[in-house]
Amino acid sequence: MRTLIFMLAAALAPAVQAAPQEPVWSLAQKEKPAAIETLRELVNIESGSRDKEGLDRLAARLGERLAALGAKVEFYEPGAADTYRLFDTPKEIGKVVVGRFQGSGARRIMLLAHMDTVYPRGTLARRPFRVEGARAYGPGIADDKGGVALILHTLAMLKAMDYRGYGTLTVVINGDEEISSPGARAFIQRAGAEHDFVFSCEPSPAKEGGITLATSGVGQATLTVRGKSAHAGVNPELGRNAIVELAHQILQTSDLSDAGSRIKFNWTLASGGQTRNVIPELATASADVRVNRIADFDVIEKRFRERVKKQRIADAQVEAGFERRRAPLVATDASRALARRAQAVYAELGLKLPVDESGNGGGTDAAFAAASGKPAVAESFGFAGFGYHSSEEEYVELDSIEPRLYLMTRLIMDASR
Ligand SMILES: [Zn+2]
């Protein structure tokens, strides 16, 4: 009987459960209304990647906010030598806002987010900031103004605790992420190499709310076909039809995707010809390319260039191009260890934190930060959101604000030890 009672008591006793750590959890709760106000302020400064004036205004405001939190603030303007020009790189690129905090510890931690959005000026007038139920709506609110707000309010919590256990804490916020970071990539690579940890704050997907250890590398293959124009009615036989050659090239390269190595190669843009009754002399196309390992860029580029050698119209000119727009982020032992620590922090709130290593979908600046192989890098610490890069209205889930603030603050304190 005594044994039975003992067994019953053991079964009924609550399992040892980690509890939210104080004062961090109370501070996260207290910070939520201010974080929503910050989202409003950031959304109300339009900052499309090509809107230099809007980007400059937002950069100045972020500089003020970081300085008020105690950071030494610098603005980095990407120079010509530092800029990796892509076919769609605008003349003027947004600057990078850098805020540095000096602590008393040894660890170097970097927080990364971007202030530019995919939305052109004027979008805000049609879709103004609003809070409805448990969601806040606005252009760029999740991607990535939520990430910027997360950083600002994490810093406010550290300040409230007068916490300085890190060696250096560096905030990097660039203004060209949505156009593949032509200006900021070199800076982010250098900064990443100087840190032990990089927490990248792109939004986390609504509902799942996980973090990411792998992102895809993004490339672009292009074809430019030059033929010869001729009158389509009088003497078409004198022409060399660039559209026909392009169609042939697209068809013979439409099976370059490779499920085994998870290389994706898809034609997404094409155009050709100018006038109905003229045999077209020019046709162009570009394909979206995704890889999970950096070496696969070489593999797919070689296959593509090999394949296009076989022409249908022998004397048309076929020019193939290949751009490496973004490197992939690959999971490492160090980033997996970091993810386990993040999961332990979430468990203190009784929450599960999914960790994604699939590398599916988008590419981000986390990969540039990881390029040196030195820091442990994890992505998607931002607030949970939905609708980014789509015609649907973008929103942030307000219920994700407190757990995300708690996670980032605790993780900085944990990584500092
Ligand atoms: Zn983003």
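**Close-up views of a predicted model**

View 1. The side chains of Lys52 and Asp56 meet in a salt bridge, with N and O 3.0 Å apart, where a salt bridge is a side-chain nitrogen of Lys or Arg within 4 Å of a carboxyl oxygen of Asp or Glu. The model is predicted, so that local features need pLDDT of at least 70 and side-chain atom pairs count only at pLDDT 80 or more, while totals for chains, interfaces and linings use all residues. Residues are numbered from 1 along each chain as its sequence is written, and side-chain values use heavy atoms, with hydrogens and water left out. Lys52 and Asp56 both lie in helix α3 (residues 52-68), four residues apart, which is about one turn of the helix; helices (H or I, at least four residues) and strands (E, at least two) are DSSP runs numbered from the N terminus. Lys52 counts as buried at 16% relative accessibility, whereas Asp56, at 25%, counts as partly exposed. In these legends buried means under 20% relative accessible area, exposed over 50%, and partly exposed in between, with a 1.4 Å probe and protein chains only.

**View 2. Further salt bridges.** By the rule for salt bridges, the count comes to 38. One of them joins the side chains of Glu323 and Arg325 at 3.4 Å, N to O; Glu323 is buried with a relative accessible area of 18%, and Arg325 is buried with 7%. Arg336 forms a salt bridge with Glu357, their closest N and O atoms being 2.8 Å apart. Because Arg336 lies in helix α9 (residues 333-347) and Glu357 in the loop between β16 (355-356) and α10 (366-370), this pair ties together parts that are 21 residues apart in sequence. Arg336 counts as partly exposed at 30% relative accessibility, and Glu357 is partly exposed at 37%. Elsewhere, Glu41, Arg61, Glu64 and Arg65 are linked in a network of salt bridges.

View 3. Asp143, in helix α5 (residues 141-160), and Glu202, in the loop between β7 (197-200) and β8 (204-205), link distant parts of the chain, 59 residues apart. Asp143 is buried at 6% relative accessible area, and Glu202 is buried at 9%.

**View 4. Backbone features.** Most residues other than glycine have a negative phi, and most peptide bonds are trans. A cis peptide bond joins Glu22 and Pro23, with omega about 10°, and Pro23 is found in the loop between α1 (2-12) and α2 (24-43). The peptide bond from Asp143 to Asp144 is also cis, with omega near 5°. Ser380, which is not a glycine, has a positive phi of about 75°, and Ser380 is buried, with a relative accessible area of 7%.
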